[in-house]
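I opened my notebook to look around inside a protein today. Come along and follow my entries.

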Amino acid sequence: MTKKILWVDDEIALLKPHIIFLNNKGYEVVTAQSGVEALDEITRHSYDIVFLDEQMPGIDGLETLSRIKTIRPNIPVVMITKSEEENIMEEAIGQQISDYIIKPVNPNQILLSLKKILNKKELVSEKTNLSYQQEFQRIAMDINMINNYDEWVDLYKRLVNWELKMDLIQDSQMSEILQGQFQEANRAFFRFVKSNYVHWLNGDDAAPVMSYNLFKKKVFPSVTGNTLLLVIDNLRYDQWLTIAPLITDFYRIENEDLYYAVLPTATQYARNSMFGGMMPSDLKKYYPQWWRDDTDEGGKNLFEHDFLKAQLQRLRLSFKTNYIKILNYQFGQKIINRFSQLKNYDLNIIVYNFVDMLSHAKTEMDLIKELAPDDKAYRSLTRSWFVNSPLFEIIKKAAQNKMKLLITTDHGTINVKRPTKVIGHKETSLNLRYKTGRSLSYEAKDVYSVDNPDDIKLPSVSLNASYIFAKEDYFFVYPNNYNYYVDYFTNTLQHGGISMQEMIVPFVSLTSRM
């Protein structure tokens, strides 16, 4: 389809060679010799782009630009000027020009600007597809060659970055190919975790940083002066990358690491392990007054600050700590209003639960299912929430106060697609990605099973209880009302099992730009 250009210049006759050049390249060029004439054309006809001279008698270029944007806010405008004065460019950019060119105009400059603006999506799509096709085989080979946790982190980062690139080009076929490769990678990752997990927890020097030693190895060494740690529940790496550009207007990223959440990748286990500095079986052994099993009544994460203070005492650290848990918008606003109090502590920890609530809402609310039917939409929804959240305001205030900022999470989530049947005792835990209890019956090929919980440092909820963890994007369903629950939970966000999205999660260190 021919692209239509409106070129506005009081000396338009001098530009005839450029117009012929563009005609020969397949563009249709309509000319105007004044701002008034340009506004009349914009009002009566549709154009793909405007080339606008900055210095014209009567209504000058900047005024014409302002009026054009009032009539057609989304039309791209390229400002053409003899002047290189900074204030003129700032005013033009402030009115949202798409590009600017300094006279004398070169035909190739014009063509490059057109392609950059009008063909950007096509060019980016073509480049992205070609690059991924070249990368596809390398990723496929790496999936089968990886043999340590650092290499899995690297591969996961590559796949997530390709996901974000695919979000921009709207190519469903290439996105499906990438998702297929993601699924293949998760299949291999499951085998890797199954083979190595016990060794990691039993003195293996080659073990990654995990939930139970995250504070000791990452958080406490990073505390300098007044520090704020944000624990955003359920924050996947792709979600972090989605909100990071907003945060980096206020903070400079010093370090972006990924660590491994413990199994089960669920708040009750992973976050208590973080704050307590121990694996769950040891937390239950040494602090039974604070630990709650799956089968116990009441909240399972009510004693995080107590676990934290016990860990600091064991490590003989004297940080003055402040612990806050934000569960809703109103309480977030209260923290903003009394933010100055955070200056009194070495380490402020804010646990923010909204991302967790968002993932649960996708299961329970039809509206959220409509708004976030896939991971791409879920990332977009996360960004929209974050922009308008008290959490973002807290981060801005922390930057203004020059606080050191640490951002992490306890585990991620995965969009589950495939059901697998399970049968268990009536006291079996309810989570869809892991089960613990007696007399579990399941499809062995779909799970990582552990008959002796002590092997992976998990507490036994009862005598002879075992654990099973779903692999890849499987979820557990009981035979009773099987079809109903399959329909209800398919394509919902769950956690507790073994996937890169759930286990490999961000820990980021930032310093204020203020």
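This is a predicted model: local features need pLDDT of at least 70, side-chain atom pairs count only at pLDDT 80 or more; totals for chains, interfaces and linings use all residues.

**Entry: the pocket.** I looked up the second largest pocket and found a volume of about 610 Å³. I then asked which residues lie nearest its centre. They are Glu 163, Ser 175, Gln 179, Asp 374 and Asp 375, out of 27 residues in the lining. Helix α8 gives the most to this lining, with nine residues. I also noted that α7, α17 and β11 are among the elements that each supply at least two. Sorting the lining by type, I got 13 charged, nine polar and five nonpolar residues.

**Entry: the rings.** I turned to the aromatic pairs, and the count came to 32. How are the rings of Tyr 149 and Trp 200 arranged? Their centres are 6.4 Å apart and their planes meet at 85°, which is over 60, so I wrote down edge-to-face. Tyr 149 is in helix α7 and Trp 200 in helix α8, so this pair ties together parts 51 residues apart in sequence. I checked Trp 200 too: its relative accessibility is 4%, so it counts as buried.

Next I took Phe 189 and Phe 192, three residues apart in helix α8, about one turn of the helix. Their ring centres lie 6.5 Å apart with planes at 35°, so I called the pair tilted. Phe 189 is buried at 0% relative accessibility, and Phe 192 is buried at 9%. These rings belong to one aromatic cluster, whose members include Trp 152, Tyr 197 and Tyr 260.

**Entry: charges over rings.** I found Lys 320 over the face of Tyr 345, 5.2 Å from the ring centre. The charged end of Lys 396 sits over the ring of Phe 392, at 4.4 Å from its centre.

Technical notes: Residues are numbered from 1 along each chain as its sequence is written. Side-chain values use heavy atoms; hydrogens and water are left out. On a 1 Å grid over the protein atoms alone, a cavity is a set of points where a 1.4 Å probe fits but cannot get out, and a pocket is an open set with protein on both sides within 12 Å along at least five of seven lines; lining residues have an atom within 4 Å of a point. Grid points are joined across faces, edges and corners, and a volume is the space filled by probe spheres set on the points. Helices (H or I, at least four residues) and strands (E, at least two) are DSSP runs, numbered from the N terminus. Ala, Val, Leu, Ile, Met, Phe, Trp, Tyr, Cys and Pro count as nonpolar, Asp, Glu, Lys and Arg as charged, and the others, Gly among them, as polar. Rings of Phe, Tyr and Trp (its six-membered ring) pair if their centres lie within 6.5 Å; planes under 30 degrees apart count as stacked, over 60 as edge-to-face and the rest as tilted. Buried means under 20% relative accessible area, exposed over 50%, partly exposed in between (1.4 Å probe, protein chains only). A charge sits over a ring if NZ of Lys or CZ of Arg is within 6 Å of the ring centre and within 35 degrees of the ring normal.
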